[in-house]
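I set out to record, entry by entry, what I looked up in this structure. The model is a predicted one.

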Amino acid sequence: MAEMWISMGPQHPMTHGLWTLKVKVDGETITDADPELGYLHRSVEKMGERRKYFMNTTLTDRLCYASSTTWTHCYVLTVEELMNVEIPERAKYVRTIMLELQRLASHLMWAGSYMPDLGHITGALYFWRDRELFLNLLEVPSGSRLLYNYIRIGGVKRDLPDGFVEKAERVMKLFEQRLDEYSDLFENSKIFRMRTEDVGKFTAAQAQNLGITGPNMRGCGTKFDLRRNDPYEIYEEIDWDIQTREAGPGYGDCFSRYMVRIDEMKESMRIIRDCFKKMPKGPTLASTIPVRAQGEAFRRTEDSRGEALMYIVGDGTDRPYRWKIKSPMFTTISAAPHYLKGYKVADIPAIMGSVDICIGETDK
Amino acid sequence: MEIKELIQELSAFKGVSNASMIRDNVVKLDIDKNSSKEFFTKLRDDFGFEHCSLITAIDNQPEFELVYHFTSINKSVTVGSTDMSVMTEVHVFLERDTPTIESISDLWGGANWHEREAFDLMGIYFVGHPDLRRVLLPEGFAGHPLRKDYVYEIHEEEW
């Protein structure tokens, strides 16, 4: 049969944001693909060069609408490295709690949008209902539901209020019960497994070479998590394990990537509980915070979607000279031809949904 | 291999200068543009840096600087007995008139779009890149906006 290119996106239910996936098909089989980005490019890096260091947290919040705290945190961590700011012990704990709450909200957002990709609308409503619970928790200290601007250079905006621990405990207990229900609903569902198992396979070696990081790489059985392998904040002192899954020896499929995220949500709750136990009292914002910076610094963090890296060059003024953002999804989308080839057109939503795309951070 | 050994072996390579450790798990060095490809091949094959984290292009006026970050995921290089993963930060300096360097997208598939982005926004030409097109800005866009001498066009709209 003659081969032809078809264009999915920028307006397509599969895309989760504005981007185009051109696929070359031979009948129903995908023989090549060409992802195209840039519809949401806001030139965050260039805007950042004209704004003062502390002003850029509003931009980083808007990098990813599903996981804004983790991006602000990565930026703030880099600036603190550049300016040699020491933050108080309690602020580290508060940040860790907020990051893990954000990871839970982000993974739930993903799970909720993955289900309609597979034709399971009810799943979306279940997961998004639970995401509300965690958004409510994030709202308590920060005051907003989506773009928090809570993590500041030198610490956090304000301390956790009274009663936060009990409220969080209630939410987590409820969510744990629901996760058990969901495992009956999805993992034991024959249709869900038929759509996800043995679909979108790539090996761990491929993932590392192609720049696929985070849960997608851990779904291939690679035990690598920057919270453990390049620790920041308080993750060194917390009791937790890296979650990995694999579909077979050294490779992963959509189902293993789904399971990794479910396991990570359970692990995030373990981290939050341990933080509550070990959290000391004290201030949550450093007393003096510099304004100017000289030199260069980079930090990488484990974003909800993979390795986030920021590299900042300061020239002695109060604005960054060059600010570079590494988005994990940028390289994951670039590798799309490698894990789409050979599958059917109907598998595209299942595969592209399983890698958890966020176009806000990708297009910068 | 211990990170101390890594830094010794890397600094013996042709074209390498200023090798130093900037953190417990990060090695930083400069490499001459002409021997960069050989060096990167060695870094991947002999030292096990299987992941290219980031390629940053900086306009230092007048010259350009490229900063490569490579990660060792499977811990072929270690920091004592810790779990830390080692990174190598490589700086390459390019003349403003000839901002070209050999592409490494055949070594690391993940470098492909990082190079396209550096070409798109900073105008660095990667020789041997399979598909050097703009990635974030539309085709036909004039100039490279992250360069410091980029002049914003003011569009006067006709009504």
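**Entry 1**

I began with the strand order in chain B. I found an open sheet of five strands, arranged β1-β2-β5-β4-β3, with mixed pairing. I then asked which strands of chain B stand at the edges. They are β1 (16–23) and β3 (51–59) of chain B; each has a single partner strand, so one side of each is left without a neighbour in the sheet. I noted that the twist averages 20° from one strand to the next.

I looked next at one pair within this sheet. Strand β4 (residues 64–71) and strand β5 (residues 87–94) of chain B are antiparallel and share eight bridges. As a reference point I recorded B:Phe64, whose bridge partner in β5(B) is B:Leu94.

**Entry 2: where chain B touches chain A**

I turned to the contact between the chains. On the side of chain B, 25 residues are in contact with 28 residues of chain A. The elements of chain B that give two or more residues to this side are β3, β4 and α3 (111–122). The largest share, six residues, comes from β3(B).

**Entry 3**

In chain A I examined an open sheet of three strands, in the order β8-β9-β10, with antiparallel pairing. Here β8 (294–303) and β10 (320–326) of chain A are at the edges with a single partner strand each, so one side of each has no neighbour in the sheet. Neighbouring strands are turned by 10° against each other on average, direction ignored.

I counted the bridges from β8(A) to strand β9 (residues 306–315) of chain A: there are 10, and the two strands run antiparallel. Among these strands' pairings, A:Ala297 has A:Ile312 in β9(A) as its bridge partner. I saw that α3(A) packs on the sheet, where it touches β8 and β9 of chain A. The direction of α3(A) makes about 150° with that of β8(A).

**Entry 4: A:Met83**

Is A:Met83 buried or exposed? I found 20 other C-beta atoms within 10 Å of A:Met83, so this residue is buried. A:Met83 lies in helix α3 (residues 68–83) of chain A. Leaving aside residues up to four places away in sequence, A:Met83 touches A:Pro290 and A:Ala293. I also noted a separation of 7.7 Å between the C-alpha atoms of A:Met83 and A:Gln294, which are 211 residues apart along the chain.

Notes
Residues numbered from 1 in each chain as written. Chains lettered and ligands numbered in written order. Predicted model: local features only at pLDDT ≥ 70, side-chain atom pairs only at ≥ 80, totals over all residues. Pairing = 2+ DSSP bridges. Helix = DSSP H or I, 4+ residues; strand = E, 2+ residues; numbered from the N terminus. Axes fitted to C-alpha atoms, helices over the stretch in contact; angles between N-to-C directions. Contact = placed C-beta atoms within 7 Å. Buried ≥ 20, exposed ≤ 12 C-beta atoms within 10 Å, placed from the backbone.
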